[in-house]
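Let us walk through this model step by step.

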Amino acid sequence: MTDPLALAPILPEQERRRLRFSDDVPQDERHRNFEAHIVAGGKVEPDDWMPDEYRQEVLRFVEMHANSELMGVLPERDWLLRAPTLKRKLALTAKVQDEVGHAQLLYRVAEDLGKPREAMFDDLLAGKTKFHNVFHYPTRSWADVGIIAWLVDAAAIVAQQALRDSSYGPYARTMRKICWEESVHIMHGRDVVVTLVTGTPAQRAMVQEALDRWWGPLMQMHGPRTPREKDRDLHWRIKAKSSEELRQEFLTIYVPRIRELGLHIPDSELRFDQVAGQWRYTEPDWDELRTVVTNHGPMSQERLAFRRLNREETRWVRETILGSPRVAA
Amino acid sequence: MADHTARTQPAETQTAQPAVNLEPYEVFRQEKDGDPMRHGGSVLAPDPTLAVHYARELYGRRQESVRLWVVRRGDIHLLEDPDLLQPPLDRSFKKPGGYVMRQKLEAARERAGQAKPKARER
Amino acid sequence: MTGRSSQDDQVDLSADPDPIAHAGSSQASGADESPTSPADPTADPVTAAALAELLLALADDDLVIGFSDSEWTGIAPILEEDVAMSSLAQDEIGHARAIYELLAALVGSDADRLAYDRPPEAYRHARLLDHARGDWAMTIARRYLFDTAKTVRLEALLGSSDRPLAELVAKIRREEVYHLLHVETWLDRLARTPGEARTRLLAALAVLEPDASSVLAPLAVEPILRGSGILSASSASLLNAWHARVGPTFARLDLPPLPKTVPDPAHARCEHGEPFRWLWGEFTSVRRLDPAATW
């Protein structure tokens, strides 16, 4: 008797998904199959076929993230030399090093999508691509170092944790590594802040003053509310949570932790609305955000100029020894 | 890292060629003794010596790895043809799930007048 | 110790210029020297003071090069190399910290006070490290000259009669192996790439060469260190060992041989120029806001 199984394909359809994106499938069917794959939680790898729109969206998203890590180095770098104890010196140097490392990881992801690193640097320094608002502001004191390492990194981690399941495989995996590494930064930042608030009156005042300056940019950091249905990054599952969800999550975790240190949050409207189940706050200044991320922030031009100068000073090393990368395979 | 990686004169610089290209090197890491090698990510480097140094930095500076493999991406051979890896015809005879015996076992026990044995003690 | 000072480069002359001689006597913390055993070379106060000078020189060397090279964090030629150079800088500061801890136990102080609370002229790092960071070639050249000398010095301390130092040196030396691999790789590439790379390397070496041997210059207390077995080799023999390692590499890379002049101990570690004063001003700036505060 013939075993009926011998003649029937018994493997489930989703295990043969790649055939649905092959060249002989009509273009719009290919697109539909891809969307269905994404919506069902499927992942995309660098060698996979993907719609141009998806590729461009992922690249744009990852590139901005990479740019932010690179530019984010600069506000803290000023304080590397000035760290007041050996332990703080080591911790801060390691933290800034991690940011450079994260830039490396993210630029690699973007490079493998087809854009060479030097082209991304060109665009960043020419102002064509952006980096996150918080890195356009000055750091004025050692307390800024604590506030940034604690709260700015915390706000970033809230966003990054939601990216660990991104539809683009390399980005999702990179985010998991980054989240693991970032957790140490937040502890370092919180330690600096707690040490200062339990220190001298001058130190306590330094922290409060820093918080007063950073609160506005922090609240703007996750961006304005966009309707879910209009958010292409959500559509493609590049990210999983909306701006407002991230902001609410940040407030829920960190407002109590800030207040327990006796620090005052400079927003008289800030309160948790029990009925609505969400935080109410003074509407962030979205004009400020727009101005800043288009490189008109207080330190935007100075930091871009610094990077341009530094890039020129080290150009000879790349042109002779480290070479320029071949176009990503 | 073996000493010879630094001592060996890199052939490509013996005649001092100026423009070397950066290439991706894939990094595989072992988290602890006995673990499999898992892909961590990649670094750009002009040659294997610096690739190994950079792999150590990006994937080992926190003492998070006990072993690294660093491989030039161009040297990796890729297989992802679904016809080879997920061919359509039945292969259930290669998997435990392809041997469903419950009904036959029940029939055999009934015929032999035997109860189902108790589950083995762990 | 220091009064209120502004954040610019004013040196507070009321600061204690010699914490080694005065620590333990002037500190109110009731610091005692660590308990000594009969075989402990530091049982003798003269030997202890000599060891303290040695530790200060070692730690200051690592601190200054670590701080200088940490400046590359965020701005190195490529991202991958940025992470690598930052690790090297952090390692040096880690070494400095460990040595300051040994010194702190010896003289009754703490590592941060030793590292931060001295005026610039009280630092005892080698002249080689007084130069500004410079370009990439300068950094590599200086690191190569420093790391090779440090390695030779560490090897001479492995068998030190001071056990805590010998144990620490063994650990530091294992980390230095990686440093040497990395900087030799770079020296090789710079030297053998014609054009701008080699030209810049030669220029850097020309600037650094007069101070290259300062790392291994003899300390005034060398006879005591040798007599007590803390140091197993003379500065002269260390310099020879260093030349024996660096010489063949320079010859192979067709670099001008390093002069074999004996460094002048009077100048090797005591006169610090503007680049270091600037660095000192930076790294003490937050601390000087309130040295008594906890940061």
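The count comes to seven cavities of 30 Å³ or more. A cavity here is a set of points on a 1 Å grid over the protein atoms alone, where a 1.4 Å probe fits but cannot get out. Grid points are joined across faces, edges and corners, and a volume is the space filled by probe spheres set on the points. This is a predicted model: local features need pLDDT of at least 70, side-chain atom pairs count only at pLDDT 80 or more, and totals for chains, interfaces and linings use all residues. Residues are numbered from 1 along each chain as its sequence is written, chains are lettered from A and ligands numbered from 1 in the order in which they are written, and side-chain values use heavy atoms, with hydrogens and water left out.

Start with the largest cavity. About 250 Å³ of space lies in it. Its lining has 22 residues, and the closest to its centre are Phe121(A), Arg307(A), Arg318(A), Ala76(C) and Pro77(C). A lining residue has an atom within 4 Å of a point. Which elements each supply at least two residues of this lining? They are helix H4 (117-125) and helix H11 (300-322) of chain A, together with H3 of chain C. Helices (H or I, at least four residues) and strands (E, at least two) are DSSP runs, numbered from the N terminus. By class, this lining divides into 13 nonpolar, three polar and six charged residues. Nonpolar covers Ala, Val, Leu, Ile, Met, Phe, Trp, Tyr, Cys and Pro; charged covers Asp, Glu, Lys and Arg; the others, Gly among them, count as polar.

The second largest cavity holds about 150 Å³ of space. It is lined by 17 residues, and Leu54(C), Arg153(C), Ala217(C), Leu219(C) and Leu231(C) lie nearest its centre. Two or more lining residues come from each of H2, helix H8 (222-227) and helix H9 (235-252) of chain C. H2(C) gives the most, with three residues. The lining has 12 nonpolar, two polar and three charged residues.

Now follow H2(C) itself. It spans residues 45-70, which makes 26 residues. From first C-alpha to last it reaches 36 Å, close to the 38 Å expected at 1.5 Å a residue. That expected span is 1.5 Å times one less than the number of residues.

Leaving out residues up to four places away in sequence, Ser68(C) touches Arg133(C), Arg142(C) and Leu279(C). Contact means heavy atoms within 4.5 Å.

Step back to chain C as a whole. It has 11 helices and zero strands. Of its 295 residues, 60% count as buried. Among its contacts with a separation of 6 or more, 78% join residues 24 or more positions apart.

Chain A has 11 helices and two strands. Read along the sequence, its pattern is α-α-α-α-α-α-α-α-α-β-β-α-α. Its C-alpha trace spans about 90 × 65 × 40 Å along its principal axes. Of the 329 residues of chain A, 57% count as buried. One residue to look at is Arg237(A). It has a positive phi of about 60° although it is not a glycine. Arg237(A) sits in the loop between helix H8 (232-235) and helix H9 (243-259) of chain A. At 34% relative accessibility, it counts as partly exposed.

Last comes an open space. The second largest pocket holds about 1300 Å³. Of its 36 lining residues, the closest to its centre are Arg56(B), Arg61(B), Arg62(B), Gln63(B) and Asp91(C). A pocket is an open set with protein on both sides within 12 Å along at least five of seven lines. H3(A) gives the largest share of the lining, eight residues. The lining has 12 nonpolar, nine polar and 15 charged residues.

Gln63(B) also has a positive phi of about 60° although it is not a glycine. Its place is in the loop between H3 and S3 of chain B. Gln63(B) is exposed, with a relative accessible area of 75%.

Key:
Buried < 20%, exposed > 50% of the residue type's maximum accessible area, 1.4 Å probe, protein only.
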